[in-house]
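This report describes the fold and selected local features of one protein chain. Please examine the sequence and the structure shown below before reading on.

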Amino acid sequence: MGGVTSSMAAKFAFFPPNPPSYKLVTDGLTGLLLLSPFPHRENVEVLKLPTRRGTEIVAVYIRYPMATSTLLYSHGNAADLGQMYKLFIELSSILKVNLMGYDYSGYGQSSGKPSEQNTYADIEAAYKCLEESYGTKQQDIILYGQSVGSGPTLDLAARLPQLRAVVLHSPILSGLRVMYPVKRSYWFDIYKNIDKIPLVNCPILIIHGTSDEVVDCSHGKQLWELCKEKYEPLWLKGGNHCDLELYPEYIWHLKKFISTVEKSPSQRNTSSSRRSVDQFEQSRRSTDFFEASRKSTDRREKPRHSTDRPDKLKNQSNNVDKLEKLRISFDQMERSRRSVDCLEKSRKSIDHQLERARKSVDRLDRIRTG
């Protein structure tokens, strides 16, 4: 029974796009690998990386000038590098980070077949490349796992004690828990994030939509409760499984998180101590809202559909429109924030002037009285 369930879960877990959304070509003049149909960019390198399980995966490395952090991004299901490419370019630019994204074995133009163990070897190969080819230090790396990508992300994070941070985007508790409301971990389950997240020592940001129909928001909530070093989570009200990038709060919160973790630990602790009461109060209110509105994973009566069903992820092809809206929204929020700052300065100036006028009147009253 266990073997059957394990096999079934593995089949339901992976949906590589068929056919792949891109091709690998070699430039005739430079000999560089390129992702077709995308034009060559000076700050982007396309790589083929060998893994310890004998497969060869495709990866892209996007360099941002003077970046102090590198994002290692593990994408979700029914997507490959061709569909994620423009999103990666925009995230690198907006967040001011280097970014490496890769395709799992059996995805895109990566060789082999997708499996849980292969994805662990895949992310290890990408991490090894960052260290050996780009000189990236462990403490400068932020692991980013989306949906199924939360599996290899947390598996690696639990074994790297000096990581800068982890971001979990619509994460799963485990493969089996997406389909059935089990209350314990079984040996045949896959991606047992629920057991691995307490072993992660760095700050963790969790982002989840409250209307996610593929991976219930309760998965993100329970994982957040198990974090050793919690960061204020982002529960996007009305957000589904594959549209979170459309929300201005998404990029705003992510940018704030990266800015926070890029500070030294002492600066981070000082800053967080000043805001701790407010942040935990906000988190508590978010949790209270979420607790009242969600249906518990353990109380669901019907099995859930598999993670990242292909029909739920058709929006991946609209990344350009999403990111354009995201950039405009983010710029609007920046202008609004500056306007608020200006108004605050004006208000303080007016208050100061009124205070001076009041003191002058007081002095006149004392002169008259005298």
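Contact here means heavy atoms within 4.5 Å. The structure is a predicted model.

## Overall composition

The secondary structure of the protein comprises ten helices and ten strands. Of the 370 residues in the protein, 49% are buried. Among the contacts between residues at least 6 apart in sequence, 73% join residues at least 24 apart.

## Packing of helix 2 and helix 8

Two packed helices are described by the angle between their axes and the distance between the axes. For helix 2 (residues 81-95) and helix 8 (residues 248-261), the angle is about 55 degrees and the axes lie 10 Å apart. Angles of 65 to 115 degrees count as roughly perpendicular and those under 35 degrees as roughly parallel; helix 2 and helix 8 are therefore oblique to each other. Helix 2 passes helix 8 in a right-handed crossing.

Helix 2 contributes Leu 91, Ile 94 and Leu 95 to this contact, and helix 8 contributes Tyr 250, Ile 251, Leu 254, Lys 255 and Ile 258. By class, the residues of the contact comprise seven nonpolar, no polar and one charged.

How many of the residues of helix 4 (residues 150-157) are buried? Eight of its eight residues are buried, and the helix is thus described as mostly covered. The buried residues are Ser 150, Gly 151, Pro 152, Thr 153, Leu 154, Asp 155, Leu 156 and Ala 157. The elements that cover them include strand 5 (70-74), strand 6, helix 3, strand 7 (141-146), strand 8 and helix 6.

Asp 155 belongs to helix 4. Residues under 20% relative accessible area count as buried, and Asp 155, at 11%, is therefore buried. Apart from its neighbours within four places in sequence, Asp 155 is in contact with Tyr 120 and Lys 196.

## Tyr 120 in helix 3

Tyr 120 is located in helix 3. With a relative accessibility of 4%, Tyr 120 counts as buried. When residues up to four places away in sequence are not counted, Tyr 120 touches Arg 52, Gly 151, Pro 152, Asp 155, Tyr 191 and Lys 196. Among these, Gly 151, Pro 152 and Asp 155 are buried residues of helix 4.

Which side chain is joined to that of Tyr 120 by a polar contact of 3.0 Å? The partner is the side chain of Lys 196. Tyr 120 and Thr 51 are 69 residues apart along the chain, and their C-alpha atoms are separated by 9.5 Å.

## Ser 110 in a loop

Ser 110 lies in the loop between strand 6 (98-102) and helix 3 (116-134).

The side chain of Ser 110 reaches the backbone oxygen of Asp 103 at 3.1 Å. A polar atom of the side chain of Ser 110 also lies 2.9 Å from the backbone nitrogen of Val 58.

## Backbone features in loops

Most residues other than glycine have a negative phi, and most peptide bonds are trans. Where are cis peptide bonds found in this model? One leads from Asn 18 to Pro 19, with omega near 5 degrees; Pro 19 is placed in the loop between helix 1 (2-13) and strand 1 (23-26). Another joins Ser 36 and Pro 37, with omega about 20 degrees, and Pro 37 is placed in the loop between strand 2 (33-36) and strand 3 (44-50).

A positive phi, near 50 degrees, is found for Ser 170, a residue other than glycine. Ser 170 is placed in the loop between strand 8 (165-169) and helix 5 (175-179), and is buried, with a relative accessible area of 0%. Tyr 191, likewise not a glycine, has a positive phi near 50 degrees. The position of Tyr 191 is in the loop between helix 5 and helix 6 (193-196), and at 1% relative accessibility this residue counts as buried. Tyr 191 is also one of the residues touched by Tyr 120.

Note on methods. Residues numbered from 1 in each chain as written. Predicted model: local features only at pLDDT ≥ 70, side-chain atom pairs only at ≥ 80, totals over all residues. Heavy atoms only, no water. Axes fitted to C-alpha atoms, helices over the stretch in contact; angles between N-to-C directions. Helix = DSSP H or I, 4+ residues; strand = E, 2+ residues; numbered from the N terminus. Parallel < 35°, antiparallel > 145°, perpendicular 65-115°, else oblique. Left-handed = near helix turned anticlockwise from the far one by under 90°. Nonpolar A, V, L, I, M, F, W, Y, C, P; charged D, E, K, R; others polar. Polar contact = N/O pair within 3.5 Å; in protein donor to acceptor, adjacent residues only side chain to side chain. Buried < 20%, exposed > 50% of the residue type's maximum accessible area, 1.4 Å probe, protein only.
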